[in-house]
Amino acid sequence: FAALPIRGCLSSLSDNMYYMLTVQLLDGLGVGIIDTLLPLVVRDVVGGGDANGSASASSYGASLGSIALVQGIGAAASSSLAGCVVDYAGFDVAFLVLGAVAAVALLLLVVAMPETKSKRKTH
């Protein structure tokens with residue numbers, strides 16, 4: 001999850017095409033990890049999402065839908081925010097601002113995300 005804030009900071013250091021392509025690999029890494037782990041984390045936190053169609057499956061689906069909505073809003077807002085920052089301060093500052101936003105999200109994840117390992121039942 002730390003790949004996105006790191007990518008934002010590294011992107012501000014150079015405008016070389018090959019450097020930027022290499023740094024963009026961090027974005028793919030971050031998105032791949034998030035998209036892979038998200039359904040598992042949501043299942044652990046709210047329950048549901050299993051093949052039995054439990055009563056909490058609706059909470060699971062609603063949670064995934066809510067997260068997708070927030071991700072869409074974030075994607076749209078980040079483009080607008082970056083555009084405004086680029087107009088006033090340039091690309092370097094825009095990458096740093098978006099990296100800082102990602103760092104705040106990472107901090108929120110570390111502080112507010114509950115640990116679910118202790119909730120698992122052993123057979």
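Helices (H or I, at least four residues) and strands (E, at least two) are DSSP runs, numbered from the N terminus. By that rule Ser12 lies in the loop between α1 and α2. The model is predicted, so local features need pLDDT of at least 70 and side-chain atom pairs count only at pLDDT 80 or more, while totals for chains, interfaces and linings use all residues. Residues are numbered from 1 along each chain as its sequence is written, and side-chain values use heavy atoms, with hydrogens and water left out.

Of its 123 residues, 17% are buried; here buried means under 20% relative accessible area, exposed over 50%, and partly exposed in between (1.4 Å probe, protein chains only). The accessible surface of the chain comes to about 8400 Å², computed by the Shrake-Rupley method with a 1.4 Å probe, where for residues only the protein chains shown count as cover. Carbon and sulfur atoms hold 69% of that surface. Contact means heavy atoms within 4.5 Å. Among contacts between residues at least 6 apart in sequence, 47% join residues at least 24 apart.

Start with helix α1. Its buried residues are Ala3, Pro5, Arg7, Gly8 and Ser11, and what covers them includes α2 and α4 (91-112). In an α-helix there are 3.6 residues a turn, so residues three or four places apart point the same way.

Arg7 ties this helix to the next one. Arg7 sits in helix α1 and counts as buried because its relative accessible area is 18%. Not counting residues up to four places away in sequence, Arg7 touches Val23, Gln24, Leu26 and Asp27. With Asp27 the side chain of Arg7 also forms a salt bridge, N to O at 3.7 Å; the term requires a side-chain nitrogen of Lys or Arg within 4 Å of a carboxyl oxygen of Asp or Glu. This pair links distant parts of the chain, with Asp27 in helix α2 (residues 17-46) and Arg7 in helix α1 (residues 3-11), 20 residues apart. Asp27 is partly exposed because its relative accessible area is 23%.

How many salt bridges does a search of the whole structure find? There are two. Besides the Asp27 pair with Arg7, Arg43 forms one with Asp44, the closest N and O atoms being 3.7 Å apart.

A polar atom of the Ser12 side chain lies 2.7 Å from the backbone oxygen of Cys9. That is a polar contact: a pair of N or O atoms within 3.5 Å, where within protein one must be able to donate a hydrogen and the other to accept it, and residues adjacent in sequence count only if both atoms are side-chain atoms. Leaving aside neighbours within four places in sequence, Ser12 is in contact with Asp92, Phe95 and Leu96.

Cys9 itself is partly exposed because its relative accessibility is 39%. Cys84 is partly exposed as well, with a relative accessible area of 46%. A search of the whole structure finds zero disulfides, a disulfide being a pair of cysteine sulfur atoms within 2.5 Å.

The surface also carries a nonpolar patch of about 710 Å², made by Phe1, Leu29, Ile33, Leu37, Leu40, Val41, Val45, Val46, Leu109 and Met113. Patches are made of residues with over 30% relative accessible area and no salt bridge; like charges are joined within 9 Å, and nonpolar side chains (Val, Leu, Ile, Met, Phe, Trp, Tyr) within 5 Å. Helix α2 gives the most to the patch, with seven residues. Leu109 is placed in helix α4 and is partly exposed, with a relative accessible area of 30%. Met113 belongs to the segment after α4 and is likewise partly exposed, at 33%. Leu109 and Phe1 are 108 residues apart in sequence, but their C-alpha atoms are 9.1 Å apart in space.
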